[in-house]
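I opened my notebook beside the model today. My plan was to look up a few things and jot each one down plainly.

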Amino acid sequence: MATTNDLKNGIVLNLDGQLWSVVEFQHVKPGKGGAFVRTKLKNVLSGKVVDKTFNAGVKVETANVDRREMTYLYRDADDFVFMDTQSFEQTHVAAGIVGDAANFMLENQDATVGLHDGTPLFVELPASVVLTIEYTEPGLQGDRSTGGNKPARLETGYEVQVPLFITSGERVKVDTRDGSYLGRAG
């Protein structure tokens, strides 16, 4: 158990038997009346986002979520197989739980897997990853960084918008949160 004063981003709450991750929170102390905490919660399993307000100091039940560093090994039908880097134990994670992270994962890549009672809840990747451009239309003489964007297919099969001067085979840095191009990788 914790109080609303202990809330922080990423903490997982157990509300009415469902697990909710705190996306953002704000302590509000109005001039009149009691203080309260305004939160944005994301359902860990369904991904649904809701706004919820708690009175300040109210007890909330936190869920014990074990965050483990794992390595993505391979895809097995609809599951992604991860290996715990400490115990070398393999865990199957359903594609629905991996979600958009699948667009940026290569075999032998490290990720953080959140587990609750041994059940995988989510997969977190670093904020950015370096991937190779598998194919993009060739650039033309005179293409500059301010000249617009073109689609490019990454080695994972995901399509990202890149500047016109980027060519096939180049390594680029991609934001894993929104799939945006961040720059060339050295």
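Entry 1: I sorted the residues that line the largest pocket and got 14 nonpolar, nine polar and five charged. For this sorting, Ala, Val, Leu, Ile, Met, Phe, Trp, Tyr, Cys and Pro count as nonpolar, Asp, Glu, Lys and Arg as charged, and the others, Gly among them, as polar. I noted that this is a predicted model, where local features need pLDDT of at least 70, side-chain atom pairs count only at pLDDT 80 or more, and totals for chains, interfaces and linings use all residues. Residues are numbered from 1 along each chain as its sequence is written, and side-chain values use heavy atoms, with hydrogens and water left out.

The lining has 28 residues, and Lys 42, Phe 122, Val 123, Glu 124 and Leu 125 lie nearest the pocket's centre. I looked up the term: on a 1 Å grid over the protein atoms alone, a pocket is an open set of points where a 1.4 Å probe fits, with protein on both sides within 12 Å along at least five of seven lines, and lining residues have an atom within 4 Å of a point. The volume is about 860 Å³, meaning the space filled by probe spheres set on the points, which are joined across faces, edges and corners.

Which elements give two or more residues to this lining? I found strand E3 (18–28), strand E4 (36–43), helix H1 (95–98) and strand E11 (119–124). E11 gives the most, with four residues. These names come from DSSP runs numbered from the N terminus: helices (H or I) need at least four residues and strands (E) at least two.

**Entry 2: strands side by side.** E3 and E4 turned up again, paired in the antiparallel sense over eight bridges. Two strands pair if DSSP finds at least two bridges between them. Along this pairing, Val 28 stands opposite Phe 36 in E4. Both strands belong to an open, antiparallel sheet of four strands in the order E2-E3-E4-E5. Its edge strands, E2 (12–15) and E5 (49–55), each pair on one side only.

I then followed strand E7 (residues 66–76). Seven bridges join E7 to strand E10 (residues 109–116), running antiparallel, and six bridges pair E7 with strand E8 (residues 79–84), also antiparallel. Met 70 stands opposite Ala 111 in E10 and opposite Asp 84 in E8. E7 and E8 form a hairpin with two residues between them, and Ala 77 in the turn has a positive phi of about 55°.

**Entry 3: salt bridges.** I used this rule: a side-chain nitrogen of Lys or Arg within 4 Å of a carboxyl oxygen of Asp or Glu. The count comes to six.

Glu 124 forms one with Arg 67, the closest N and O atoms being 2.7 Å apart. Why did I mark this pair? Glu 124 lies in E11 and Arg 67 in E7, so the pair ties together parts that are 57 residues apart in sequence.

Glu 134 and Arg 153 also meet in a salt bridge, at 2.9 Å from N to O. Glu 134 is in strand E12 (residues 128–136) and Arg 153 in strand E13 (residues 149–154), so this link joins parts 19 residues apart in sequence.

Asp 175 and Arg 177 form another, with the closest N and O atoms 2.9 Å apart.
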